[in-house]
2 protein chains.
Amino acid sequence: MKVTAVIMAGGKGERFWPQSRANRPKQFLSLTNDGETMIQKTVARLSGVVDIQDVFVVTNETYIGLVKEQLPDIPDENVIAEPKARNTAPCIALAAQIIRKKYGDAVMLVLPSDHLIKFTEMFVDTLRSAIDVAEKNRNLVTIGITPSYPETGYGYIQFSGADKSMPGVYRVERFVEKPNIERAKEYVNAGTFLWNSGMFVWKASSIIYNIEQFLPDVAEGTAKIGAAYGTDAFEDTLRAVFPGLTAESIDFGVMEKAKDIYTIPGNFGWDDVGSWLAVERINHTNEYGNVVKGDVISINTKNSTIIGGKKLIATVGLEDIVVVDTNDAILICSKDSTQDIKKIIENLKICNRSELI
Amino acid sequence: MKVTAVIMAGGKGERFWPQSRANRPKQFLSLTNDGETMIQKTVARLSGVVDIQDVFVVTNETYIGLVKEQLPDIPDENVIAEPKARNTAPCIALAAQIIRKKYGDAVMLVLPSDHLIKFTEMFVDTLRSAIDVAEKNRNLVTIGITPSYPETGYGYIQFSGADKSMPGVYRVERFVEKPNIERAKEYVNAGTFLWNSGMFVWKASSIIYNIEQFLPDVAEGTAKIGAAYGTDAFEDTLRAVFPGLTAESIDFGVMEKAKDIYTIPGNFGWDDVGSWLAVERINHTNEYGNVVKGDVISINTKNSTIIGGKKLIATVGLEDIVVVDTNDAILICSKDSTQDIKKIIENLKICNRSELI
């Protein structure tokens, strides 16, 4: 069966302000040292699994230009602009309808555009196993990540015993929301929980079937838009129908309720790059535990991330601090406050300083 | 007797990097919000005590242009360029010789160019008392500051009982170097110690007499230069003789050895503005204990000094941090590390980056 990919690229990436901006969020930035952006890496690592003609990107209208600029080989008709962000369920439902319209049916790899994966070959092997499972029946497959520590910022997937006919594949018992630290430790110790990576594999027909069960208005609306795909009416239908769909995540709206969900534990160096803290995980740290880019002089500075811009940054006596300099804004943030960066953006919104957002 | 002032303006102000630079040190900057530079304030507060024609500035050759630009009313012949920094004793000795050549004899107010004083009238009253004492005999007067806390960054002056004939004037017992914190607490509790402000009042003839006693080579060399003052030979003599003089502070070289030293305790809101920490003492702090200048958004930031430049500075979750942005360099320094800012400058020197020093 044909294998397609749906790259979800509508995120605003506010947690990476000031590098990430409303008009150029995280997925369109390079947070590593190789110049390749997150979304370019996401597509590149599908090489050999999905033909570039079969890669779809669902994004916000604002980012269409960036997608076409950074991924020029993806056909224009595969780049879908959400007129309004409606969370992941309508996004995935729409992509499924379009894929069904275009191909009859196909396997869909549903992938966030802004995660990093260190070991591409292992990732590809996992995808291939997931595709095998997804091709059967109405199986829904979620890629789980073997937890390496009790992270409280991720949801978890509880799984039960392996299916004898499918080695390495486990039946999902339940999805659990982000836990507190005690609960997270229990999960990691239990050995039957995985991190929920937000990566899914299924046939278009399987996920449409489930959305019809659990989110009928989303199924109905996206079916209408899908029917118009490839005709002159598509744009108008999309704009008329999509904004009215229930905003719901695929996890809460479908996965927590559906049957026949399988997970394949991945161990391929995944990172969701969820905050500036990730930069020290995905980059080389020096002997003082610092990640340093650009023109930086550090005296007695430890475990800090310092990303310079055009001018010298001098740090003295700092520990656990993130510094990011850009052309028009400098962020200085303690590591345990990275979740509060969004308050800066709220403040800028209140002051109508959209040029800085 | 004529009263003159000698403003010592040769300091490099490295502790105020990156605002202070080798070609524009602290005394030529405004660290308050009123646009007036430190040296302009120093001269302005002498109004009514010293005629501007009788104000002398001793500075480094490099800063002659800045002095003339910022203090255009001071006669050119009163601006003296040290060919090489030799600490305060040769500086003061030279000024004394020049004043003796020009006026026969005169009272000299010897003042650093880069201190701040909050209550000018009280300061002027103190100067007037000091002038009265200095005019008598060969008295040397040092202005002491009533200590408000056990500062370890200043030297102290121990004084004994008041002289009945001169109310408010005390005989100096000894000068003591910067103490450790226990000793500093003892000094403050004793009630017989003052901070050494580095401000002195004496007749030119009195200090020359003492320099002849304790630093004969400095006396001899500066006498030669002073003899050439006002002639075509002055510049050449200055350049030939001054660099060879013993580099010594007036405190160690003369004050710790001389007799007839008096002190007048001042309580006029003095601050030596010795590091970035001073900025929060001399400026308004907001309800979170922050001093903020320029375009700054602070979230959960306390007791910090944030001096913006042209771009937005956003701080999140910081405490006791100093941030200073300039056109070509940003400093981020913990408050207890401000003494290490000089290491940044050392580093820049090693790397031949003089444009940033």
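Biologist: Is the crossing of α3(B) and α6(B) left-handed or right-handed?

Modeller: Bear in mind that the model is predicted. Helix α3 of chain B spans residues 88-103, and helix α6 of chain B spans residues 204-214. They pack with their axes 9 Å apart. The crossing of α3(B) and α6(B) is left-handed.

Biologist: Which word describes α3(B) relative to α6(B): oblique or roughly antiparallel?

Modeller: The two helices pack at an angle of about 130°. Roughly antiparallel needs an angle over 145 degrees, and roughly perpendicular covers 65 to 115. That angle therefore makes α3(B), relative to α6(B), oblique.

Biologist: How many nonpolar residues are in the contact of α3(B) with α6(B)?

Modeller: From α3(B) come Ala89(B), Ile92(B), Ala93(B), Ala96(B), Gln97(B), Ile99(B) and Arg100(B). They meet Ala204(B), Ile207(B), Ile208(B) and Ile211(B) in α6(B). By class, the contact of α3(B) with α6(B) has 1 charged residue, 1 polar, and a nonpolar count of 9.

Biologist: What is the distance between the axes of α6(B) and α7(B)?

Modeller: Helix α7 of chain B covers residues 216-228. The angle between α6(B) and α7(B) is about 130°, which makes α6(B) oblique to α7(B). Their axes lie apart by 5 Å.

Biologist: Are α7(B) and α8(B) roughly parallel or roughly antiparallel to each other?

Modeller: Helix α8 of chain B runs over residues 234-241. It packs with α7(B) at an angle of about 170°, with the axes 8 Å apart. Angles over 145 degrees count as roughly antiparallel. The pair α7(B) and α8(B) is therefore roughly antiparallel.

Biologist: Which residues of α8(B) make the contact with α7(B)?

Modeller: The crossing of α7(B) and α8(B) is left-handed. From α7(B), the contact uses Gly221(B), Lys224(B), Ile225(B) and Ala228(B). The residues of the contact of α7(B) with α8(B) divide into 5 nonpolar, 2 polar and 1 charged. From α8(B) come Phe234(B), Thr237(B), Leu238(B) and Val241(B).

Biologist: Is Asn196(B) buried or exposed?

Modeller: Asn196(B) lies in strand β9 of chain B, residues 193-203. Beyond its neighbours within four places in sequence, Asn196(B) is in contact with Thr142(B), Gly155(B), Tyr156(B), Ile157(B), Phe175(B) and Asp251(B). Its relative accessibility is 15%, so Asn196(B) counts as buried.

Biologist: Which residue has its backbone nitrogen 3.1 Å from a polar atom of the Asn196(B) side chain?

Modeller: Start from the strand: Asn196(B) belongs to β9 of chain B. A polar atom of its side chain lies 3.1 Å from a backbone nitrogen. That nitrogen belongs to Gly198(B).

Biologist: Which residue joins its side chain to that of Arg21(B) by a polar contact of 3.3 Å?

Modeller: Arg21(B) sits in the loop between β1 and α1 of chain B. At 11% relative accessibility, Arg21(B) counts as buried. Its contacts beyond four places in sequence include Lys12(B), Asp328(B) and Glu355(B). The side-chain partner at 3.3 Å is Thr326(B).

Biologist: Is Asn352(A) buried or exposed?

Modeller: Asn352(A) lies in the segment after α11 of chain A. Phi of Asn352(A) is near 55°, a positive value in a residue other than glycine. With a relative accessible area of 66%, Asn352(A) is exposed.

Notes
Residues are numbered from 1 along each chain as its sequence is written. Chains are lettered from A and ligands numbered from 1 in the order in which they are written. This is a predicted model: local features need pLDDT of at least 70, side-chain atom pairs count only at pLDDT 80 or more; totals for chains, interfaces and linings use all residues. Side-chain values use heavy atoms; hydrogens and water are left out. Axes are lines fitted to C-alpha atoms, for helices over the stretch in contact, and angles run from 0 to 180 degrees between N-to-C directions. Helices (H or I, at least four residues) and strands (E, at least two) are DSSP runs, numbered from the N terminus. Angles under 35 degrees count as roughly parallel, over 145 as roughly antiparallel, 65 to 115 as roughly perpendicular and the rest as oblique. A crossing is left-handed if the near helix is turned anticlockwise from the far one by less than a right angle, and right-handed if clockwise. Contact means heavy atoms within 4.5 Å. Ala, Val, Leu, Ile, Met, Phe, Trp, Tyr, Cys and Pro count as nonpolar, Asp, Glu, Lys and Arg as charged, and the others, Gly among them, as polar. Buried means under 20% relative accessible area, exposed over 50%, partly exposed in between (1.4 Å probe, protein chains only). A polar contact is a pair of N or O atoms within 3.5 Å; within protein, one must be able to donate a hydrogen and the other to accept it, and residues adjacent in sequence count only if both atoms are side-chain atoms.
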